[in-house]
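Here is a brief report on a predicted model. Look at the structure first, then read on.

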Amino acid sequence: METIINFIGHFHPVLVHLPIGILLFAILMQIISKWKKFDQLTNALPFAYLLGAISAVFSCLTGLALANNGDYDADLIFKHQWLGIATAIVGGISYFAYQKESKFFGAILIVLSTLIIITGHYGGSLTHGE
């Protein structure tokens with residue numbers, strides 16, 4: 001069983017780029033859709049936020065499997081892990097907030113963007129060093 005978990009964990013570096021790209025692209029589409037020329041982009045936003053959140057959950061699961069092999073700095077793993085989980089949660093919240101047209105949606109996107117950047121920084125530090 002441990003071998004399977006380690007195998008699944010090795011997909012984290014590949015899968016982690018999906019939620020980063022999808023969620024940042026969704027935020028970009030959200031901004032661009034404010035111009036009348038691009039207002040049709042709003043049709044794709046619910047799907048983009050949902051797909052980004054789902055891919056973030058899969059990224060978290062593979063990341064947890066990868067973290068178990070003990071090859072990484074424990075402090076960085078802790079920070080990256082919990083920030084990644086927070087990113088997945090806020091990604092899910094962004095989908096529901098968009099659906100409900102929440103007045104806090106802009107703030108949620110700022111938090112989401114910040115989480116993606118900081119989490120990615122720690123992930124890069126784990127992979128490439130400080």
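## Helix α3

How many residues does helix α3 have, and how far does α3 reach from its first C-alpha to its last? Helix α3 spans residues 17-32, which makes 16 residues. Its reach is 22 Å, close to the 22 Å expected at 1.5 Å a residue.

Which residues of α3 are buried? They are Pro 19, Leu 23, Ala 26, Ile 27, Met 29 and Gln 30. Viewed down the axis of α3, these buried residues fall within an arc of 160 degrees, so they line one face of the helix. An α-helix has 3.6 residues a turn, so residues three or four places apart point the same way.

## The largest pocket

The volume of the largest pocket is about 650 Å³. Its lining is made by 30 residues. Nearest its centre lie His 12, Val 16, His 80, Thr 119 and Gly 123. Two or more lining residues come from each of α2, α3, α4, α5 and α6.

Which element gives the most to this lining? Helix α6 does, with nine residues. By type, the lining has 16 nonpolar and 14 polar residues, and no charged ones.

## Glu 101

Glu 101 sits in the loop between α5 and α6. Its phi is near 50 degrees, a positive value in a residue other than glycine. Is Glu 101 buried or exposed? Its relative accessibility is 70%, and exposed means over 50%, so Glu 101 counts as exposed.

Methods. Residues are numbered from 1 along each chain as its sequence is written. This is a predicted model: local features need pLDDT of at least 70, side-chain atom pairs count only at pLDDT 80 or more; totals for chains, interfaces and linings use all residues. Side-chain values use heavy atoms; hydrogens and water are left out. Helices (H or I, at least four residues) and strands (E, at least two) are DSSP runs, numbered from the N terminus. The expected span of a helix is 1.5 Å times one less than its number of residues. Buried means under 20% relative accessible area, exposed over 50%, partly exposed in between (1.4 Å probe, protein chains only). The arc is that of the directions from the helix axis to the C-beta atoms. On a 1 Å grid over the protein atoms alone, a cavity is a set of points where a 1.4 Å probe fits but cannot get out, and a pocket is an open set with protein on both sides within 12 Å along at least five of seven lines; lining residues have an atom within 4 Å of a point. Grid points are joined across faces, edges and corners, and a volume is the space filled by probe spheres set on the points. Ala, Val, Leu, Ile, Met, Phe, Trp, Tyr, Cys and Pro count as nonpolar, Asp, Glu, Lys and Arg as charged, and the others, Gly among them, as polar.
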